[in-house]
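Here are my notes for you, written as numbered points. Keep the model open beside you and look up each residue as you read.

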Amino acid sequence: MRTFTSEEKKYMQEHQHLDTGTLMLQASRYPHLPVLELVQQIQARQKATLKLPTWARHPETVFPATLSVEQSSSEATAAFKASLVSGKLLIDLTGGFGVDSFYLAKHFEKVIHVEQHQELQEVAAYNFGLLQAYNIDSIHATAQAFLHGFHGIADVIYLDPARRGERHEKLHLLQDCEPNILGLLPLLFTKARAVLLKTSPMLDIDLALEQLGHVHQLWVVALHNEVKEVLYLLQPDAPAPALAIQNAVNLLPQGQAQVLEFTQAAEEASLPVYADPATFIYEPNAAILKAGAYRYLGWRLGLSKLHPNSHLYTSQELLPGFPGRSFRCLATSRYNKKELLRHLPDKKANITVRNFPETVAEIRKKTGIKEGGNTYLFFTTDLHQKPLVLICQKAH
(Lines give C-alpha, C1' and ligand atoms only; values in the text may rest on other atoms or scores of the structure.)
Protein backbone atom coordinates (compact mmCIF):
# COMPACT_ATOMS: atom_id res chain seq x y z
CA MET A 1 0.00 0.00 0.00
CA ARG A 2 1.20 3.51 -0.78
CA THR A 3 2.28 5.40 2.33
CA PHE A 4 2.79 9.14 2.40
CA THR A 5 5.75 11.14 3.65
CA SER A 6 5.35 13.85 6.28
CA GLU A 7 5.70 16.51 3.57
CA GLU A 8 2.99 14.86 1.43
CA LYS A 9 0.68 14.64 4.44
CA LYS A 10 1.31 18.31 5.19
CA TYR A 11 0.39 19.27 1.60
CA MET A 12 -2.90 17.31 1.80
CA GLN A 13 -3.85 18.79 5.17
CA GLU A 14 -3.11 22.35 4.09
CA HIS A 15 -5.07 22.00 0.84
CA GLN A 16 -7.87 19.65 1.88
CA HIS A 17 -10.65 22.24 1.52
CA LEU A 18 -9.49 23.82 -1.76
CA ASP A 19 -10.81 23.24 -5.27
CA THR A 20 -9.00 20.23 -6.74
CA GLY A 21 -9.04 21.67 -10.26
CA THR A 22 -7.21 24.75 -9.05
CA LEU A 23 -4.70 22.57 -7.21
CA MET A 24 -3.88 20.72 -10.42
CA LEU A 25 -3.33 24.00 -12.26
CA GLN A 26 -0.86 24.97 -9.55
CA ALA A 27 0.98 21.62 -9.62
CA SER A 28 4.12 23.15 -11.13
CA ARG A 29 4.71 24.99 -7.86
CA TYR A 30 5.47 21.63 -6.22
CA PRO A 31 7.77 19.79 -8.67
CA HIS A 32 9.11 17.58 -5.90
CA LEU A 33 5.65 16.25 -4.94
CA PRO A 34 3.34 13.74 -6.74
CA VAL A 35 0.57 16.35 -6.89
CA LEU A 36 -1.84 14.27 -9.02
CA GLU A 37 -1.82 11.44 -6.48
CA LEU A 38 -2.17 13.83 -3.55
CA VAL A 39 -5.03 15.72 -5.20
CA GLN A 40 -6.81 12.41 -5.80
CA GLN A 41 -6.60 11.79 -2.05
CA ILE A 42 -7.94 15.28 -1.33
CA GLN A 43 -10.79 14.79 -3.80
CA ALA A 44 -11.74 11.44 -2.27
CA ARG A 45 -11.69 12.96 1.24
CA GLN A 46 -13.91 15.84 0.10
CA LYS A 47 -16.40 13.39 -1.39
CA ALA A 48 -16.32 11.37 1.84
CA THR A 49 -17.06 14.36 4.10
CA LEU A 50 -20.83 13.77 4.20
CA LYS A 51 -20.98 10.10 3.26
CA LEU A 52 -18.10 8.83 5.41
CA PRO A 53 -17.41 11.47 8.08
CA THR A 54 -15.53 9.05 10.39
CA TRP A 55 -12.97 8.37 7.66
CA ALA A 56 -12.89 11.97 6.43
CA ARG A 57 -12.23 13.39 9.92
CA HIS A 58 -9.19 11.25 10.68
CA PRO A 59 -6.11 13.02 9.26
CA GLU A 60 -4.24 9.77 8.57
CA THR A 61 -6.88 7.80 6.65
CA VAL A 62 -6.03 6.71 3.12
CA PHE A 63 -8.59 6.57 0.33
CA PRO A 64 -8.69 4.19 -2.64
CA ALA A 65 -9.80 5.06 -6.18
CA THR A 66 -12.79 7.43 -6.33
CA LEU A 67 -15.02 4.71 -7.78
CA SER A 68 -14.59 2.60 -4.66
CA VAL A 69 -15.55 5.49 -2.37
CA GLU A 70 -18.63 6.24 -4.43
CA GLN A 71 -19.69 2.60 -4.43
CA SER A 72 -19.20 2.06 -0.70
CA SER A 73 -22.09 2.20 1.75
CA SER A 74 -22.69 5.45 3.55
CA GLU A 75 -22.14 5.40 7.30
CA ALA A 76 -25.87 5.89 7.86
CA THR A 77 -26.89 2.84 5.82
CA ALA A 78 -23.97 0.78 7.20
CA ALA A 79 -25.02 1.55 10.78
CA PHE A 80 -28.61 0.54 10.03
CA LYS A 81 -27.48 -2.65 8.32
CA ALA A 82 -25.28 -3.56 11.27
CA SER A 83 -28.24 -3.23 13.65
CA LEU A 84 -30.01 -6.13 11.93
CA VAL A 85 -27.59 -8.93 12.85
CA SER A 86 -25.27 -9.89 15.70
CA GLY A 87 -23.24 -12.81 16.99
CA LYS A 88 -19.72 -14.14 17.40
CA LEU A 89 -18.43 -14.27 13.82
CA LEU A 90 -19.37 -12.44 10.63
CA ILE A 91 -17.57 -12.83 7.31
CA ASP A 92 -17.75 -9.94 4.85
CA LEU A 93 -16.96 -11.69 1.56
CA THR A 94 -16.95 -8.50 -0.53
CA GLY A 95 -15.19 -6.23 1.94
CA GLY A 96 -14.26 -3.32 -0.33
CA PHE A 97 -13.31 -0.12 1.50
CA GLY A 98 -14.58 -1.67 4.73
CA VAL A 99 -17.41 0.65 5.78
CA ASP A 100 -19.89 -2.19 6.28
CA SER A 101 -17.28 -4.35 8.04
CA PHE A 102 -16.45 -1.48 10.41
CA TYR A 103 -20.06 -1.07 11.55
CA LEU A 104 -20.86 -4.79 11.59
CA ALA A 105 -17.84 -5.26 13.87
CA LYS A 106 -19.69 -3.28 16.55
CA HIS A 107 -22.21 -6.15 16.78
CA PHE A 108 -19.91 -9.18 16.44
CA GLU A 109 -17.01 -10.47 18.48
CA LYS A 110 -15.02 -10.91 15.28
CA VAL A 111 -15.37 -9.87 11.62
CA ILE A 112 -13.34 -11.26 8.73
CA HIS A 113 -13.02 -8.72 5.91
CA VAL A 114 -12.30 -10.43 2.57
CA GLU A 115 -11.30 -8.34 -0.46
CA GLN A 116 -9.95 -9.64 -3.78
CA HIS A 117 -8.22 -6.41 -4.87
CA GLN A 118 -4.96 -6.24 -2.93
CA GLU A 119 -4.51 -2.46 -2.83
CA LEU A 120 -8.08 -1.93 -1.64
CA GLN A 121 -7.69 -4.67 0.97
CA GLU A 122 -4.48 -3.11 2.27
CA VAL A 123 -6.07 0.35 2.45
CA ALA A 124 -9.06 -1.00 4.37
CA ALA A 125 -6.85 -2.94 6.79
CA TYR A 126 -4.68 0.14 7.42
CA ASN A 127 -7.74 2.28 8.13
CA PHE A 128 -9.22 -0.35 10.48
CA GLY A 129 -6.11 0.06 12.63
CA LEU A 130 -6.39 3.85 12.61
CA LEU A 131 -10.06 3.65 13.59
CA GLN A 132 -9.30 1.13 16.37
CA ALA A 133 -11.48 -1.61 14.87
CA TYR A 134 -9.21 -4.27 16.32
CA ASN A 135 -11.71 -7.15 16.04
CA ILE A 136 -11.54 -7.09 12.22
CA ASP A 137 -9.16 -9.42 10.41
CA SER A 138 -8.59 -8.37 6.78
CA ILE A 139 -7.67 -10.98 4.18
CA HIS A 140 -6.67 -10.65 0.52
CA ALA A 141 -8.62 -13.37 -1.34
CA THR A 142 -11.54 -13.94 -3.67
CA ALA A 143 -14.83 -14.89 -2.07
CA GLN A 144 -14.71 -18.37 -3.59
CA ALA A 145 -11.10 -19.03 -2.55
CA PHE A 146 -11.76 -17.92 1.01
CA LEU A 147 -14.89 -20.07 1.33
CA HIS A 148 -13.14 -23.20 0.10
CA GLY A 149 -10.38 -22.65 2.66
CA PHE A 150 -12.70 -21.79 5.57
CA HIS A 151 -13.71 -24.79 7.70
CA GLY A 152 -15.70 -23.17 10.49
CA ILE A 153 -19.31 -21.97 10.79
CA ALA A 154 -20.00 -18.24 10.86
CA ASP A 155 -23.11 -16.71 12.34
CA VAL A 156 -23.55 -14.53 9.25
CA ILE A 157 -21.91 -14.17 5.86
CA TYR A 158 -22.40 -10.75 4.29
CA LEU A 159 -22.13 -10.04 0.57
CA ASP A 160 -22.43 -6.92 -1.56
CA PRO A 161 -21.78 -8.31 -5.07
CA ALA A 162 -20.09 -5.97 -7.54
CA ARG A 163 -22.64 -4.43 -9.86
CA ARG A 164 -20.35 -2.96 -12.52
CA GLY A 165 -19.24 -4.85 -15.61
CA GLU A 166 -15.92 -4.77 -17.44
CA ARG A 167 -16.91 -1.57 -19.26
CA HIS A 168 -18.22 -0.02 -16.01
CA GLU A 169 -21.85 -0.52 -17.05
CA LYS A 170 -24.22 -0.95 -14.11
CA LEU A 171 -25.71 -4.43 -13.74
CA HIS A 172 -29.07 -5.18 -12.10
CA LEU A 173 -29.45 -8.97 -12.34
CA LEU A 174 -28.15 -11.27 -9.61
CA GLN A 175 -26.56 -13.67 -12.10
CA ASP A 176 -24.58 -10.83 -13.72
CA CYS A 177 -22.92 -9.70 -10.49
CA GLU A 178 -19.65 -10.90 -8.97
CA PRO A 179 -19.67 -13.12 -7.03
CA ASN A 180 -22.75 -14.89 -8.41
CA ILE A 181 -24.84 -15.34 -5.28
CA LEU A 182 -27.19 -17.78 -7.02
CA GLY A 183 -24.38 -20.21 -7.80
CA LEU A 184 -22.69 -19.67 -4.44
CA LEU A 185 -25.72 -20.00 -2.16
CA PRO A 186 -25.54 -23.79 -1.50
CA LEU A 187 -21.90 -23.43 -0.42
CA LEU A 188 -22.72 -20.38 1.73
CA PHE A 189 -25.30 -22.33 3.69
CA THR A 190 -22.63 -24.89 4.63
CA LYS A 191 -20.41 -22.10 6.00
CA ALA A 192 -22.91 -19.88 7.88
CA ARG A 193 -26.22 -19.97 9.69
CA ALA A 194 -27.50 -16.98 7.73
CA VAL A 195 -26.54 -14.84 4.74
CA LEU A 196 -27.11 -11.09 4.54
CA LEU A 197 -27.17 -9.91 0.93
CA LYS A 198 -27.09 -6.31 -0.31
CA THR A 199 -28.38 -5.57 -3.81
CA SER A 200 -28.94 -2.60 -6.05
CA PRO A 201 -32.31 -0.84 -5.63
CA MET A 202 -32.75 -1.33 -9.38
CA LEU A 203 -33.08 -5.11 -8.91
CA ASP A 204 -36.68 -6.35 -9.13
CA ILE A 205 -37.68 -7.54 -5.63
CA ASP A 206 -40.21 -10.15 -6.79
CA LEU A 207 -37.62 -11.65 -9.15
CA ALA A 208 -35.01 -11.71 -6.35
CA LEU A 209 -37.44 -13.44 -3.98
CA GLU A 210 -38.15 -16.07 -6.61
CA GLN A 211 -34.51 -16.65 -7.57
CA LEU A 212 -33.06 -16.67 -4.06
CA GLY A 213 -35.80 -18.83 -2.58
CA HIS A 214 -34.55 -18.63 1.03
CA VAL A 215 -35.52 -15.07 2.06
CA HIS A 216 -36.53 -14.83 5.72
CA GLN A 217 -36.72 -11.02 5.77
CA LEU A 218 -35.85 -8.08 3.54
CA TRP A 219 -35.36 -4.35 3.97
CA VAL A 220 -35.73 -1.65 1.32
CA VAL A 221 -33.47 1.10 2.69
CA ALA A 222 -33.87 4.73 1.69
CA LEU A 223 -31.69 7.56 2.98
CA HIS A 224 -33.47 10.93 3.09
CA ASN A 225 -36.16 9.52 0.74
CA GLU A 226 -33.72 8.12 -1.84
CA VAL A 227 -33.58 4.33 -2.05
CA LYS A 228 -29.96 3.21 -1.63
CA GLU A 229 -30.06 -0.56 -1.24
CA VAL A 230 -32.17 -3.64 -0.64
CA LEU A 231 -31.07 -6.15 2.00
CA TYR A 232 -32.08 -9.82 2.05
CA LEU A 233 -31.61 -12.04 5.11
CA LEU A 234 -31.33 -15.60 3.78
CA GLN A 235 -31.77 -18.73 5.90
CA PRO A 236 -32.13 -22.37 4.83
CA ASP A 237 -35.50 -22.75 6.59
CA ALA A 238 -37.03 -19.45 5.36
CA PRO A 239 -40.79 -19.42 4.62
CA ALA A 240 -42.40 -19.14 1.19
CA PRO A 241 -41.65 -15.81 -0.58
CA ALA A 242 -45.17 -14.50 0.04
CA LEU A 243 -44.59 -14.85 3.81
CA ALA A 244 -41.15 -13.22 3.93
CA ILE A 245 -41.23 -10.15 6.17
CA GLN A 246 -40.62 -7.02 4.12
CA ASN A 247 -39.59 -3.70 5.66
CA ALA A 248 -39.73 -0.33 3.93
CA VAL A 249 -37.23 1.85 5.81
CA ASN A 250 -36.62 5.56 5.27
CA LEU A 251 -33.69 6.91 7.32
CA LEU A 252 -34.29 10.56 8.21
CA PRO A 253 -31.69 13.34 8.69
CA GLN A 254 -31.85 13.42 12.50
CA GLY A 255 -31.35 9.68 12.87
CA GLN A 256 -35.00 8.64 13.09
CA ALA A 257 -36.47 6.06 10.71
CA GLN A 258 -39.87 5.58 9.11
CA VAL A 259 -40.55 1.83 8.99
CA LEU A 260 -43.45 -0.09 7.46
CA GLU A 261 -43.45 -3.89 7.94
CA PHE A 262 -45.61 -6.16 5.78
CA THR A 263 -45.65 -9.38 3.77
CA GLN A 264 -46.61 -9.96 0.16
CA ALA A 265 -49.50 -12.08 1.39
CA ALA A 266 -50.77 -9.15 3.50
CA GLU A 267 -50.39 -6.80 0.51
CA GLU A 268 -52.47 -9.10 -1.69
CA ALA A 269 -55.12 -9.59 1.02
CA SER A 270 -55.58 -5.85 1.67
CA LEU A 271 -58.70 -4.41 0.05
CA PRO A 272 -58.18 -0.79 -1.04
CA VAL A 273 -60.80 1.91 -0.69
CA TYR A 274 -60.95 4.49 -3.49
CA ALA A 275 -62.17 8.07 -3.21
CA ASP A 276 -61.97 11.48 -4.82
CA PRO A 277 -59.44 13.91 -3.30
CA ALA A 278 -60.39 15.01 0.22
CA THR A 279 -58.77 17.67 2.44
CA PHE A 280 -55.41 15.94 2.80
CA ILE A 281 -53.19 14.20 0.26
CA TYR A 282 -50.35 11.78 1.10
CA GLU A 283 -47.36 10.69 -0.94
CA PRO A 284 -45.53 7.61 0.45
CA ASN A 285 -41.78 7.70 0.90
CA ALA A 286 -39.52 6.15 -1.73
CA ALA A 287 -38.90 2.96 0.28
CA ILE A 288 -42.61 2.14 0.43
CA LEU A 289 -43.01 2.79 -3.29
CA LYS A 290 -40.05 0.52 -4.09
CA ALA A 291 -41.28 -2.20 -1.71
CA GLY A 292 -44.73 -2.14 -3.34
CA ALA A 293 -46.85 -1.87 -0.19
CA TYR A 294 -49.53 0.10 -2.06
CA ARG A 295 -52.70 -1.63 -0.88
CA TYR A 296 -51.42 -2.56 2.58
CA LEU A 297 -50.39 1.03 3.39
CA GLY A 298 -53.90 2.38 2.76
CA TRP A 299 -55.54 -0.45 4.69
CA ARG A 300 -53.10 -0.20 7.62
CA LEU A 301 -53.49 3.57 8.02
CA GLY A 302 -57.16 3.86 7.07
CA LEU A 303 -56.52 5.99 3.97
CA SER A 304 -58.30 5.99 0.64
CA LYS A 305 -56.47 5.73 -2.68
CA LEU A 306 -57.11 8.11 -5.54
CA HIS A 307 -56.56 5.47 -8.24
CA PRO A 308 -55.25 1.87 -8.39
CA ASN A 309 -52.06 3.00 -10.18
CA SER A 310 -51.45 6.47 -8.73
CA HIS A 311 -50.25 5.52 -5.22
CA LEU A 312 -51.53 8.79 -3.76
CA TYR A 313 -53.76 8.65 -0.70
CA THR A 314 -56.35 10.94 0.84
CA SER A 315 -58.30 11.58 4.05
CA GLN A 316 -60.63 14.18 5.49
CA GLU A 317 -58.65 14.52 8.74
CA LEU A 318 -54.88 14.89 8.92
CA LEU A 319 -53.05 11.66 9.75
CA PRO A 320 -50.01 12.53 11.92
CA GLY A 321 -46.76 10.67 11.37
CA PHE A 322 -47.51 9.50 7.84
CA PRO A 323 -44.40 7.74 6.38
CA GLY A 324 -43.88 10.20 3.55
CA ARG A 325 -45.09 13.67 2.67
CA SER A 326 -48.45 15.14 3.76
CA PHE A 327 -50.25 17.97 1.98
CA ARG A 328 -53.38 20.05 2.34
CA CYS A 329 -55.34 20.00 -0.91
CA LEU A 330 -56.39 23.60 -1.65
CA ALA A 331 -58.12 22.91 -4.96
CA THR A 332 -58.25 20.66 -7.99
CA SER A 333 -57.89 21.68 -11.59
CA ARG A 334 -58.15 20.32 -15.08
CA TYR A 335 -54.92 20.08 -17.05
CA ASN A 336 -55.45 23.47 -18.61
CA LYS A 337 -52.81 26.22 -18.67
CA LYS A 338 -55.13 29.15 -18.00
CA GLU A 339 -56.99 27.36 -15.24
CA LEU A 340 -53.76 26.30 -13.56
CA LEU A 341 -52.13 29.73 -13.71
CA ARG A 342 -55.12 31.27 -11.95
CA HIS A 343 -53.92 29.38 -8.86
CA LEU A 344 -50.29 30.46 -9.35
CA PRO A 345 -49.91 34.24 -9.34
CA ASP A 346 -46.10 33.97 -9.40
CA LYS A 347 -46.19 31.12 -11.96
CA LYS A 348 -44.09 28.92 -9.63
CA ALA A 349 -44.80 25.46 -8.24
CA ASN A 350 -43.17 22.17 -7.29
CA ILE A 351 -44.47 19.50 -9.68
CA THR A 352 -44.85 15.74 -9.17
CA VAL A 353 -46.35 13.30 -11.66
CA ARG A 354 -48.06 10.08 -10.54
CA ASN A 355 -49.80 7.88 -13.12
CA PHE A 356 -49.76 10.69 -15.67
CA PRO A 357 -48.81 10.50 -19.39
CA GLU A 358 -46.43 13.50 -19.42
CA THR A 359 -43.14 14.23 -17.67
CA VAL A 360 -42.45 17.18 -15.39
CA ALA A 361 -40.29 18.77 -18.11
CA GLU A 362 -43.10 18.48 -20.68
CA ILE A 363 -45.61 20.01 -18.27
CA ARG A 364 -43.33 22.94 -17.48
CA LYS A 365 -42.72 23.55 -21.18
CA LYS A 366 -46.45 23.54 -21.98
CA THR A 367 -47.60 25.63 -19.02
CA GLY A 368 -44.64 27.94 -18.38
CA ILE A 369 -44.73 27.06 -14.68
CA LYS A 370 -41.31 27.64 -13.10
CA GLU A 371 -39.79 25.60 -10.30
CA GLY A 372 -40.03 26.80 -6.71
CA GLY A 373 -42.48 28.41 -4.33
CA ASN A 374 -44.70 26.88 -1.64
CA THR A 375 -47.30 25.35 -3.93
CA TYR A 376 -47.15 21.67 -4.86
CA LEU A 377 -48.91 20.34 -7.95
CA PHE A 378 -49.66 16.64 -8.35
CA PHE A 379 -50.47 15.71 -11.92
CA THR A 380 -52.35 12.42 -11.78
CA THR A 381 -55.36 10.47 -13.09
CA ASP A 382 -58.71 10.30 -11.32
CA LEU A 383 -61.02 7.33 -10.84
CA HIS A 384 -62.76 8.17 -14.13
CA GLN A 385 -59.45 7.93 -16.03
CA LYS A 386 -59.32 11.69 -16.60
CA PRO A 387 -56.26 13.92 -16.03
CA LEU A 388 -56.41 15.74 -12.71
CA VAL A 389 -54.17 18.30 -11.02
CA LEU A 390 -54.10 18.59 -7.22
CA ILE A 391 -53.09 22.03 -5.95
CA CYS A 392 -51.54 21.61 -2.53
CA GLN A 393 -49.43 23.06 0.22
CA LYS A 394 -47.47 21.11 2.79
CA ALA A 395 -49.48 20.17 5.85
CA HIS A 396 -47.94 21.36 9.12
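Which residues gather in a patch of negative charge on the surface?

1. The answer is Asp204, Asp206, Glu210 and Glu268. A patch here takes residues with over 30% relative accessible area and no salt bridge; like charges are joined within 9 Å, and nonpolar side chains (Val, Leu, Ile, Met, Phe, Trp, Tyr) within 5 Å. A salt bridge is a side-chain nitrogen of Lys or Arg within 4 Å of a carboxyl oxygen of Asp or Glu. Look for Glu268 in helix α12, residues 264–269. With a relative accessible area of 54%, Glu268 is exposed (exposed is over 50%, buried is under 20%, partly exposed is in between, using a 1.4 Å probe and protein chains only).

2. Before you go on, a word on the source. This is a predicted model, in which local features need pLDDT of at least 70 and side-chain atom pairs count only at pLDDT 80 or more, while totals for chains, interfaces and linings use all residues. Residues are numbered from 1 along each chain as its sequence is written, and side-chain values use heavy atoms, with hydrogens and water left out.

3. Now the whole chain. The protein chain has 16 helices and 16 strands, where helices (H or I, at least four residues) and strands (E, at least two) are DSSP runs numbered from the N terminus. Its C-alpha trace spans about 65 × 60 × 35 Å along the principal axes. Of the 396 residues, 49% are buried.

4. There's a positive patch too, made of Lys337, Lys347, Lys348 and Lys370. Lys337 sits in helix α15, residues 337–341, and counts as partly exposed because its relative accessibility is 44%. Lys347 is in the loop between α15 and β14 (350–353). At 45% relative accessibility, Lys347 is also partly exposed. Check its backbone as well: phi of Lys347 is near 55°, a positive value in a residue other than glycine.

5. His311 shows a positive phi as well, near 60°, and again the residue is not glycine. You'll find His311 in the loop between β11 (304–305) and β12 (313–315). Is His311 buried or exposed? It is buried, because its relative accessible area is 15%.

6. Another backbone detail is the peptide bond from Glu178 to Pro179, which is cis, with omega near 0°. Pro179 belongs to the loop between β4 (154–159) and α10 (181–191).

7. How many disulfides are there? The count comes to zero, with a disulfide taken as a pair of cysteine sulfur atoms within 2.5 Å. Take Cys329: the closest cysteine sulfur, in Cys392, is 4.4 Å from its own sulfur, so the two are too far apart for a bond. Cys329 is buried at 15% relative accessibility, and Cys177 is buried at 9%.

8. Why is helix α6 (residues 75–82) largely enclosed by the rest of the structure? Because six of its eight residues are buried. In α6 the buried ones are Glu75, Thr77, Ala78, Phe80, Lys81 and Ala82.

9. Val230 counts as buried, because its relative accessibility is 0%. Val230 and Lys290 are 60 residues apart in sequence, and C-alpha to C-alpha they are 9.6 Å apart in space.

Definitions and conventions
Accessible areas come from the Shrake-Rupley method with a 1.4 Å probe; for residues, only the protein chains shown count as cover. Lys and Arg count as positive and Asp and Glu as negative; His and the chain ends are not counted. The place of a charge is taken as NZ of Lys, CZ of Arg, CG of Asp or CD of Glu.
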